[in-house]
Amino acid sequence: MTSQDTNDEGIRFVFYGRVSTEDRQDPEVSRGWQLQSAMRLIQGHGTIVREYFDIGQSRSVVWKRRPQASSLLADVANPKRDFDAIVISEPQRAFSGPQFSNIYPTLQHYGVDVWLPEVGGRFDAKSDVHDLLMMIFGGLGAAERRVVQRRVIGAMEAATINAGRFLGGRPPYGYVIGDAGPHPHPAKAADGIRAHRLDVDPAAASVVQRIFQMRLDGAGFRTIASRLNADGIPCPSAHDRRRNPHRKADGWQAATVRAILENARYTGHQVWGRFQRFDRLVDPTDASAGTLVRFRRSEPERVVSSTNPSHEALISVEDFERVQTTLKRSTASSRSAPRSPRTSKTPYLLRGLLHCGICGRKMEGSRTRSTDIYYRCRVRDTVPGAPGEHPSNVMFREDWLIHGLDNWLRAVFSPENVEETVEAMISATEPSMADVARREAVDRRLKEAESKLSRFKEALAAGVDPHLAAAWINDAQKEVVEARAEQTTLTTSAAATLTREELRAIVTDFSLLTTRLGQVASTVRAEIYATLGVRITYDPSTSSVEAEVSPTHQMLGKTSVRGGT
C-alpha cells in the first residue's frame, strides 16, 4: 500500500533527523526541536511510528553510509514495512548537494513520500517549484558545511596565532599535556572545563635535543635511529603506550626521526594546520557513492604558528632553522638524482594491505626487470630488535593472490551469503573480556581521580599551603582529564557498533562493488580493495595467506570477516 492509497488521517510517518557534534551541539536538544517541527507539519495528517536519528554524521556523508539513514533505506525496501512516508524537519540538515535527487527515485519506486516544511507537506516530484527548492536546499547544506569549516579553521588559526593555545591531540614526543587553568570561554570555565598546555617531559626532551644535535653534526635519519636503538632508548610509541596503542613499539625508524626534526613546536611556539582534511570519492566511477575524509600534509603557507612562545622550548629557533636547511638540501638532492623511467603505470593493487605474518608490518611494493609486481618485508635489515627468525627479505608476488582474493570477496558479499557474512560481522563486534576489563579499569581510575580532586579542594579550603595544594590539584585534574579522554574513546568505539539491519544494508551495498572487480581499471580496483578494508597477512613459513575485510572500518566502525585464500 502506498501513501497515495491511504487516507490523510491515517498516514504512518517515520521521522528522520541528523545532528553533527563537531560544533558541540547537544544531540538530545537538537533531536527535540527537529521532532517537534516535524510533528507540527504532519498534525492532522497522521502520526510518527518510528524515529531514525543520526548523531555525529556529517551532512556530506551519503545516506547509505549513515547508520540510521541506511537503516531507513533498508526498511523502505521491506515489503512488510509499517510506514507510508518520511517527514524531515530541515532538508539542508538532512541532505547536501545532490543527495536528495539521488535517493528520491528509490523512495518513489517503493511508494514512500517525503514531507518537508519548506514545501508545506508532501514533496511533489511533478512540481518544478518543489524540485527547484530541493536543489536550493541541497546547495545550502553543502554551503553551510563549507561556512562552518571556514569558521572553525579561522577560529583555530586565531587561537594559535594570538593566544598560542593548545588545541588538542597527542602531545609531541618530549612534552606532556599540562593544566593551564580555567578555560578562557566563561561558559566552559563555569562547567569546570580546563585549558591545557604543553609541559616538558624531561626524559624524552633530552632525546629530542640529542636528535637535533646529531642531525646538526651531519648524521642521517637511519644513523640517528640506529644509535638510539643501540642505546636502548624507547621509541615514542614505546615511551607512551597509552596514547599510542595503535602503533608498534619496536624501535626508532628513519621516518620517526624526520617527523621530530620537522616539528616546529620544539621551538616553544604553538603550530596548527600541518595537515588538512579533504574529501575523496569512494568510487571514482560513481560520484553518488559519496566521499571519505582523508588527511594530507598542508602546503607551507597554510601552516600557522603563535606570535609569542606558548610553552618551554627544547630547541632554539636558530638550530631549528639550521636543521630545516639540511632537510631541504637532502630533499633537493634526492629529487635531482636521475631516475629510470617507469615501464608501467599500473598501480600496486595491494599497497598498504599486505602484511608480513612474522613481524606484522606492511610489505612494500617492488618491481622486477620483468615488470612482475612483488611485495617484500626487509624489517630485519632496517629495524633493530626485529624477530630473530625473520628472513632478510620476505617476498610475495602480487598475481599469485589477486584471482583468489577477488573470488573470495565475491563469495563473501554475494546475495546468497549475506546472512552468513552479517553473522560473522556481528561476532567480530562483540566486546572481548579485555575490552570490558579495560573499560572497568578506566572507570575506576576516573572515580579515584575525581575523589582525590575533591579531597585536595577540601584541604585547600581547610587552610593547607596554597602552593602545595595547587600542585596536588593540578596533578589530580590531569588524571581526570586523561581518564575522561580515554573513557570518551572507549564510548565512541562502542557506539560505532551497528545493528543487524545496518550491517545487512552495508553488505548488500558492497556486493555491487565486488561484482565489478574484474571489469574496472586498476586504479579503481585498488580503491575498492581499500574501501572494503581488505587486510592480508602472508605467512612465509607455510606459504599461505589469511584475508580479512572490515567493510565499515573507514565509515562507521570496525567489523570484520576473516578467511583464508
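Biologist: What makes the charged end of arginine 81 count as sitting over the ring of phenylalanine 83?

Modeller: The charged end of arginine 81 is 5.9 Å from the centre of the phenylalanine 83 ring. A charge sits over a ring if NZ of Lys or CZ of Arg is within 6 Å of the ring centre and within 35 degrees of the ring normal. The model is a predicted one, in which local features need pLDDT of at least 70, side-chain atom pairs count only at pLDDT 80 or more, and totals for chains, interfaces and linings use all residues. Residues are numbered from 1 along each chain as its sequence is written, and side-chain values use heavy atoms, with hydrogens and water left out.

Biologist: How many aromatic pairs are there by the ring rule?

Modeller: The count is 16 aromatic pairs. Rings of Phe, Tyr and Trp (its six-membered ring) pair if their centres lie within 6.5 Å; planes under 30 degrees apart are stacked, over 60 edge-to-face, and the rest tilted.

Biologist: Why is the pair of tryptophan 63 and phenylalanine 95 said to tie together parts that are apart in sequence?

Modeller: Tryptophan 63 lies in the loop between β2 (46-55) and α2 (67-76), and phenylalanine 95 in the loop between α3 (91-94) and α4 (99-109), so the pair ties together parts 32 residues apart in sequence. The elements are DSSP runs numbered from the N terminus: helices (H or I) of at least four residues and strands (E) of at least two. Both tryptophan 63 and phenylalanine 95 are buried, that is, under 20% relative accessible area, where over 50% is exposed and in between is partly exposed (1.4 Å probe, protein chains only).

Biologist: What makes the pair of phenylalanine 212 and tyrosine 266 edge-to-face?

Modeller: The planes of phenylalanine 212 and tyrosine 266 are 75° apart, with 6.1 Å from centre to centre, so the pair is edge-to-face. Phenylalanine 212 is in helix α7 (residues 202-216) and tyrosine 266 in the loop between α10 (254-261) and β8 (271-272), so this pair ties together parts 54 residues apart in sequence. Phenylalanine 212 counts as buried because its relative accessibility is 2%, and tyrosine 266 because its value is 1%.

Biologist: Which residues do ring pairs link into a cluster?

Modeller: The cluster consists of Tyr16, Trp63, Phe95, Phe100, Tyr104 and Phe123.

Biologist: Why is isoleucine 103 called buried?

Modeller: Isoleucine 103, in helix α4, has a relative accessibility of 12% and therefore counts as buried. Beyond four places in sequence, isoleucine 103 is in contact (heavy atoms within 4.5 Å) with Trp63 and Phe95.

Biologist: How many disulfides does a search of the whole structure find?

Modeller: The search finds 0 disulfides, a disulfide being a pair of cysteine sulfur atoms within 2.5 Å. Cysteine 235 is buried because its relative accessible area is 3%; cysteine 356, at 2%, is buried too.

Biologist: Why is threonine 160 classed as buried?

Modeller: The relative accessible area of threonine 160 is 0%, so the residue is buried. Threonine 160 is found in helix α5 (residues 128-163). A polar atom of its side chain lies 2.9 Å from the backbone oxygen of methionine 156.

Note on methods: Polar contact = N/O pair within 3.5 Å; in protein donor to acceptor, adjacent residues only side chain to side chain.
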